[in-house]
Amino acid sequence: MSVTARDNAAAADTLKSEAQSDEQVCPDLMSSAPTDGSKPIDVSDASTQIHPETSESSTNTVPAEDISRMEPAKEPADLPNSAQNRLYIKRGHVVNHDGMQQADVYIEDGTVRYVGSGADFVVPGGCRTIDAAGKLVMPGGIDPHTHFQLEFGGTVSVDDFYKGTKAAVAGGTTTILDFVLPKKGESLLEAYDTWRARADPKVVCDYGLHVGITWWSKSVRDEMKILCQERGVNSFKCFMAYKGLYQLNDSELYEVFETCKELGAVAMVHAENGDIIAKNVTKLLSEGVTGPEGHELSRTEEVEAEATNRACVIAHQTKAPLYVTRVTSKLAAEQLSQAKRRGQVVYGETLASSLGCTLTNVKPNALVYYTTSPPIRKDPETPRHLVKFLALDDLQTTGSDNCTFNRNQKELGLKDFSKIPNGVNGVEDRMSVVWEKGVQSGLIDPQRFVAITSTNAAKIFNLYPRKGRIAHGSDADLIIWDPKAVRTISASTHHQACDFNIFEGMKCHGVPEFVIVRGRVCVEYDLIRVAEGQGSFLETPVYPSFVYDALNGTVSDYGSDEKHARNGIQSLDLNSKSSHDVDIPDAYALPEKYIPGPALSVISGDSQLSTPHSARGHRPDGTKNMQESTFSISEELDKSEARSCIRVRAPPGGKSTGFW
């Protein structure tokens, strides 16, 4: 039966006596909640430090002194089942990849149930309300490239699936896709089971898995089929680098791509010419170049570009869709651009590290901490070039390739660059870095930001529109973004396990004030509330429509959305040099009412949603009826369920200030 006013009143009366015990059960949720309506202050676990700063800097230096790190406290596994299963976000500007409009959002049981005008919505009782006036409400980020708890170079990356996903959520990312990397000769299925065993008990957000093809045989082909049909995997990554460890030859690449096409999967590659790199490494070491500067010298831009072009050629021969991971150079991006213009179905991913850093001003003794493959480039214009490729849709996604090692682990290769564990941080800072280098610079707008940080990855890996969109029926993975707030990135405040940060000192405009994961408020200003294992494994079905409709020459269901996208590049000179002396357009200017675009969701035939052309417009607040509402989204709720929906939390010694 529906939740009536009588049910609500009865449940509330029953729970009045429970409020005090609730405070005792979870006092940490109340210790930072003020009674005067001001923002809660977290004194122990800050995800962002917000300052009224307006100047910009982007220093790529790692402090010489060691930074002591405290082990992150592990939150209790069973957080109270509070009213976070009902959440109402009002007066925000909802941004999807294909439109932006002022709208309210109602969430129930981890799912978006309504997006539209507050004038047409009655807020049910026992619902927490967040006022998002002046803020952007966007889909949570999807990081398509992480390596948590990865064994590499004789050591193990320090971000496990708990610390890594916690850091991701702190920065506004609500879904990650990690890579299963079997050892040479190891069963793909056994490696998959190992990754699931590592991740399932620890993740604090939803996650999916790609699987690496690190060797080739008939058994590998057979296991790829099982992974696609029974284990929820639709993407396989091949390595054109790491000779003797992961690298496949061209004939093997051909067969893997061919198998991906037969299975309806997405073929992925790490594109660098491993044979040339191996020769260069041997030559440099013999010439006495042993320091970390040798890493980039051994794998120049043309080495990446050649492999990218070769991967495109092989994919074209097999008629397979191709996804090139971690594009770090202009030359490689140009190869993808040319392949796309020849009609190939190819996608490119660049990284937060390549957008937010260059090696230009990094001191030689600090280069070891920036070592990753393909390398972060020296050219100071590379980040701007890569953002332009993102704006033009020649690159479609942004990942972090988060694979963190502490200083002492990195320094294992200080005297032999070929032994440096490859990888840098980025999962926590990716969203802020992309906003700073893209939206704040004026090269892209908020809609394109949503596309390249969330929606495109969801489409390519067949998670859309469950993920990557704010619409009726989508998972309630959202961020409430303050585009005018400024934070300074630092290892002293980040949540990752590594003891340095490659973006140290970088000031980023744009801060996620709230991060909502499956309907649960996990980040609220500076306070993070997560529990190990609260996330779930995401199956990624084969034959993603976005990819295979394009491959088959048919129009995707999502294709019509793209014409509504707008980018800042339409009014900018893409050939201009970056400069802080020119006027930058107000990248986060918000419309007074609506930007023309399609309605974000349709609830029912008789619901009069406020559309872009509504004469009535958007009423700031929905009607909130705490006593007489008969509104119900759920199928049936008994009184015990109703009680869990409206559990009241009061600060010690005071009366209730709201619902949690």
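1. Two strands are taken to pair if DSSP finds at least two bridges between them. Helices (H or I, at least four residues) and strands (E, at least two) are DSSP runs, numbered from the N terminus. By this criterion nine bridges join strand E2 to strand E3 (residues 99-108), and the two run antiparallel.

2. The model is predicted: local features need pLDDT of at least 70, side-chain atom pairs count only at pLDDT 80 or more, and totals for chains, interfaces and linings use all residues. Residues are numbered from 1 along each chain as its sequence is written, and side-chain values use heavy atoms, with hydrogens and water left out.

3. The secondary structure of the chain comprises 17 helices and 22 strands. Of the 660 residues, 61% are buried, that is, under 20% relative accessible area with a 1.4 Å probe, protein chains only. Among contacts (heavy atoms within 4.5 Å) with a separation of 6 or more, 80% involve residues 24 or more positions apart.

4. Strand E2 (residues 86-96) is mostly covered, with ten of its eleven residues buried. A hairpin through two residues joins E2 to E3, and His93 stands opposite Gln102 in E3. E2 also pairs in the parallel sense with strand E6 (residues 128-131) over four bridges, where Tyr88 has Thr129 as its bridge partner. A further parallel pairing, over two bridges, links E2 to strand E7 (residues 136-139); here Val94 stands opposite Val137.

5. An open sheet of eight strands has the order E8-E11-E12-E13-E14-E15-E16-E17, with parallel pairing. Its edge strands, E8 (141-146) and E17 (397-399), each pair on one side only. Neighbouring strands are turned by 30 degrees against each other on average, direction ignored; the axes are lines fitted to C-alpha atoms. Within this sheet, five bridges join E13 (residues 235-239) to E14 (residues 266-270), and Phe236 has Ala267 in E14 as its bridge partner.

6. A nonpolar core is a set of buried Ala, Val, Leu, Ile, Met, Phe, Trp, Tyr and Cys residues joined through side-chain atoms within 4.5 Å. The largest has 132 residues, of which Ile213, Met224, Phe236 and Phe257 touch the most other members. Leaving aside neighbours within four places in sequence, the contacts of Met224 include Ile213, Trp216, Phe236 and Leu263. A second, separate core of 19 residues includes Ile89, Ala103, Val112 and Tyr525.

Conventions:
Axes are lines fitted to C-alpha atoms, for helices over the stretch in contact, and angles run from 0 to 180 degrees between N-to-C directions. Buried means under 20% relative accessible area, exposed over 50%, partly exposed in between (1.4 Å probe, protein chains only).
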